[in-house]
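User: Could you take a close look at one spot for me, and then work outwards to the rest of the model?

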Amino acid sequence: MSAELDLLLEARRPIPLDIRLRVAPGELVALVGPSGSGKSTILRCIAGLHRPDKGSIRIGQEQWLDTGTNRMCPPQQRRVGIVFQDYLLFPHLTARQNLTLAMTGGTAAEQRQRSDQLLEQVHLTGLAERYPAQLSGGQQQRVAVARALARDPSVLLLDEPFSAVDRSTRTRLQRELALLRRSIDIPMVLVTHDLEEARAMADRICVIQAGCGLQDADPETLFRRPRTARVARLLGSYNIFRGERGGSANTPELQWGSVRLRPGKEWRDQPAGSVEWFIPESDIVLQRPEATKTGPDDNGIQGCIQECVSLGNRTSLRVVCPDANATLSLDVPHHRARRQRLTTGEIVWLRLLQDGIHPLQPE
Amino acid sequence: MDWTALRLSLELAAWTTAILLPIGIILGRWLAHRRFRGRGFIEALIALPLVLPPTVLGFYLLSAFSGEAPLGALWQQLTGGSLNFSFTGILLASIIFNLPFAVQPVQRAFETVPAGLREAAWCCGLSDWRTFLRVELPLVWPGVISAFVLTFVHTIGEFGVVLMVGGAIDGETRTIAIAIYDRVQAFDDEAAGAMSLLLLTVSFVAIGLVYGLAGRGSALRVR
């Protein structure tokens, strides 16, 4: 019977922590944040390899940590499956032996059958008798995943599991894990600094900076509705501006330089006055001036391309809008940039979609 | 060939190795994993017999084992016998001068085991003891074998310290290395040659074994 993971951690040293997290069975939560933000320390706390100053970790009825009553279960007593960044397979044991060592109970024959089953699940049939040094990076990662599952864990922890392989292997392994997790009904926590990976894999993303959980939401909400400017910046967004909330309660307006924008319903509860706001790139529509037909509610603004850099199949643009005294950043597919003849110095027309304009909370 | 001396040497080497091996594993593991003040001092102390002239070490041990020194006096009180010129005395001396051979290879081996591997074992549900038996020991095994062979062979070949502490009492302290010296003094080149050839063969096989294992050990390293 799978149970929810519920954790609360507080610490000052060596890495400050202040986080509350709940992960439902079958749910995959990604912890993202810059290096040294405490993501891996949180995993180590769950695994029992690190003791925080204060905190509680509970999985269903099992209390793994409760500093209030001085309870700290050692790693051996926590049913945790963990995939380490560098896998940490036992080099003197074969793939199968790596798995059976983590199994508790069962006869040798049962363990053998179970290891065959697990190896088949991670597409390693036929490689059971190989030693880690005889396997490729991707195959080693698969053994590590199988070993983590071999213990029938109550929670699965993945510490940057794709960082040690090349790009094409990473994509393949991500696909495999996305398929595999459909059959896993325990809470899963993934640590990564790769935003795209978190977005692709996770049901929920928790943004962490200096050990502090800043926002915890599903990827769609997080990338479109970051709570604060800090979260938006950590998610790699630059389109953060300051404006003045005006208009009436039901028809809010946003004064941005000399431009008057009509934001969406979200702004009805926003008090009047100066406010920081954000718009995701997906809600900025870029058009050639000659192709533009705009109405009063279209939030159209003229701009001039200041910078146009081709990055593989994407083109990164920086557009200066003199009316708003601001610069917007956005990526467009390379073929579109070519078709629309987007080059430095070109005048373009930008439409900011109403629902994309999002007010940010003060820090 | 002095069979009594050979048997005595083998007995001494067996006892020394049996006593030193657990000490070497415990000390080597401790020094490999722990960082503390004074670690360098302890390592230097263990390595000292490597650089100290055997006669110097022998002289200090002779003094410490004598009835006037606390250790020698205590031993005399407990057993009624003297440590000097006895098998127990040369065994104790042998343990001390072989300490670096028993500790250093094991320590180096433990240092190559990534710290995370122990944590991985704990997360697989293995207790500290099972982690040691199933993960650490198999990985440091070449180092343990090296320590075993080096200690054994070095004990058989040791001359200076044993002569200083034990003298050359037949059946009690005259080891094969001392017997060779005695035979040369007595112009018995044939016996000295036979015993020397035996020691040469044993040493060569032993050192070959150590190098062979060192090569195999490197193949097991984590990539």
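How many C-beta neighbours inside 10 Å does A:Leu88 have, and does A:Leu88 count as buried or exposed?

Analyst: Happy to. A word on the ground rules: this is a predicted model, in which local features need pLDDT of at least 70 and side-chain atom pairs count only at pLDDT 80 or more, while totals for chains, interfaces and linings use all residues. Residues are numbered from 1 along each chain as its sequence is written, and chains are lettered from A and ligands numbered from 1 in the order in which they are written.

A:Leu88 counts as buried because 25 C-beta neighbours lie inside 10 Å. The cut-offs, with C-beta atoms placed from the backbone, are 20 or more other C-beta atoms within 10 Å for buried, 12 or fewer for exposed, and in between for partly exposed. The backbone of A:Leu88 has a positive phi of about 50°, although the residue is not a glycine. It sits in the loop between strand E7 (80-83) and helix H2 (95-101) of chain A. Helices here are DSSP runs of H or I with at least four residues, strands are runs of E with at least two, and both are numbered from the N terminus.

A:His123 has 15 C-beta neighbours inside 10 Å, so it counts as partly exposed.

Helix H1 (residues 39-47) of chain A is largely enclosed by the rest of the structure, because 9 of its 9 residues are buried. Among them are A:Lys39 and A:Arg44, along with A:Ile42, A:Leu43 and A:Ile46. Just after H1(A), A:Gly48 takes a positive phi of about 90°.

Stepping back to chain A as a whole, there are 9 helices and 21 strands. Of its 363 residues, 37% count as buried, and its C-alpha atoms fill a box of roughly 75 × 50 × 35 Å along the principal axes. Domain 1 covers 5-234 and domain 2 covers 240-359, with bounds that come from an automatic or database domain assignment. The C-alpha centres of domain 1 and domain 2 of chain A lie 39 Å apart. Where they meet, 6 residues of domain 1 are in contact with 5 residues of domain 2, contact being C-beta atoms, placed from the backbone, within 7 Å. Helix H7 (219-224) and helix H8 (229-234) of chain A each supply at least two residues of the domain 1 side.

The contact includes B:Leu12, B:Thr16 and B:Leu20 from H1(B), with B:Phe148 and B:Phe152 among the residues from H8(B). By class, the residues of this contact are 10 nonpolar, 6 polar and no charged. Nonpolar covers Ala, Val, Leu, Ile, Met, Phe, Trp, Tyr, Cys and Pro, charged covers Asp, Glu, Lys and Arg, and the others, Gly among them, are polar.

In helix H5 (residues 87-97) of chain B, the buried residues are B:Gly89, B:Ile90, B:Ala93, B:Ser94 and B:Phe97. Seen down the axis of H5(B), they fall within an arc of 135°, so they line one face of the helix; the arc is that of the directions from the helix axis to the C-beta atoms. They pack against H1, H2 (39-51), H3 (54-65), H8 and H9 (160-166) of chain B.

Finally, the two chains meet: 19 residues of chain B are in contact with 17 residues of chain A. On the chain B side, helix H7 (115-123) and helix H8 (128-157) each supply at least two residues, and H7(B) gives the most, with 6 residues. That side divides into 12 nonpolar, 3 polar and 4 charged residues.
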